[in-house]
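Good morning, colleagues. Please take a moment with the sequence and the model, and then I shall go through selected features.

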Amino acid sequence: AGSFMKVNAAAASPAMPAQPVDLTFAAEKALPAVVHIRYIQNSKVQTVEVQSDPFSDFFDDFFGSPGRGNGGTQKRQVQTPKREATGSGVIISADGYIVTNNHVVEGADELTVTLNDNREFSARIVGTDKQTDLALLKVNAKNLPTLPIGDSDKLKVGEWVIAVGNPYNLSSTVTAGIVSAKSRGLGASQNGIESFIQTDAAINPGNSGGALVNTQGELVGINAMLYSQTGSYSGYGFAIPTTIM
């Protein structure tokens, strides 16, 4: 009878509320494998065609200067300014292969990769794909921390994810949210390859190329862009699924 009473008491006790999802494991796995990328494009002298000044054309015609006039174009040399920018990347192999966005590295003369432990490496571009906005970099290093690649097709809407990157030059930043939608088309790619993961994990400038990670600590997307009328996070971010990567 005593055991019967105990069973009944256990059955009658109220169910415990579900605990919030723990994202610390995913963050600990992802942070060492997400890098800060510094982009430098050196100043250059370029030859450009500019529209002729109509007043200059008039005086050239009046004084008989040859080869000008008629509202044509002129070639001029211009000095482009030095450009610097930052972004993020994800180490996918221990020997130094790093995935990022094409728009993070396009046109770069110098790329410096900084790890979570503050080690710095010079990176070279192995290959790029402008249409899917992906790029592959390589640094000369061994035994780097990596992020295992998960199957983005198995993601479910409502599933918790974290975004890891370097927004506004703030290194090693983690934000959390859910998968808001899958297979989202934005009219952004040039060849119709559009299947973005939409998330409400905060993604801001500098997060581009960083990791979208599931609760198991697996890479499921490369953070690519945000949807905003102000240029800052307004509730929607988009990542390129690992199935495309």
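I begin with a definition: a residue is called buried under 20% relative accessible area, exposed over 50%, and partly exposed in between, with a 1.4 Å probe and protein chains only. The model is a predicted one, in which local features need pLDDT of at least 70 and side-chain atom pairs count only at pLDDT 80 or more, while totals for chains, interfaces and linings use all residues. Residues are numbered from 1 along each chain as its sequence is written, and side-chain values use heavy atoms, leaving out hydrogens and water.

Ala-211 counts as buried because its relative accessibility is 0%. Ala-211 belongs to strand S12 (residues 211-214); helices (H or I, at least four residues) and strands (E, at least two) are DSSP runs, numbered from the N terminus. What is Ala-211 in contact with, leaving aside its neighbours within four places in sequence? With contact meaning heavy atoms within 4.5 Å, the partners include Val-34, Val-90, Leu-147, Ile-162 and Leu-219. Leu-147 is 64 residues away from Ala-211 in sequence, yet the C-alpha atoms are 9.0 Å apart.

Turning to the chain as a whole, there are four helices and 14 strands. Of its 245 residues, 38% count as buried. Among contacts with a separation of 6 or more, 66% are between residues 24 or more positions apart.

Next, the barrel. Six strands close into it in the order S1-S4-S5-S8-S7-S6, with antiparallel pairing; two strands pair if DSSP finds at least two bridges between them. Strands S1 (residues 34-41) and S4 (residues 83-91) run antiparallel and are joined by eight bridges. Ile-40, for instance, has Glu-84 in S4 as its bridge partner.

I close with the aromatic rings. Rings of Phe, Tyr and Trp (its six-membered ring) pair if their centres lie within 6.5 Å; planes under 30 degrees apart count as stacked, over 60 as edge-to-face and the rest as tilted. The count by this rule is one aromatic pair. Phe-196 and Phe-238 form an edge-to-face pair, at 6.4 Å centre to centre and with 75 degrees between the planes. Phe-196 lies in strand S11 (residues 196-199) and Phe-238 in strand S14 (residues 237-241), so the pair ties together parts 42 residues apart in sequence. Both Phe-196 and Phe-238 are buried.
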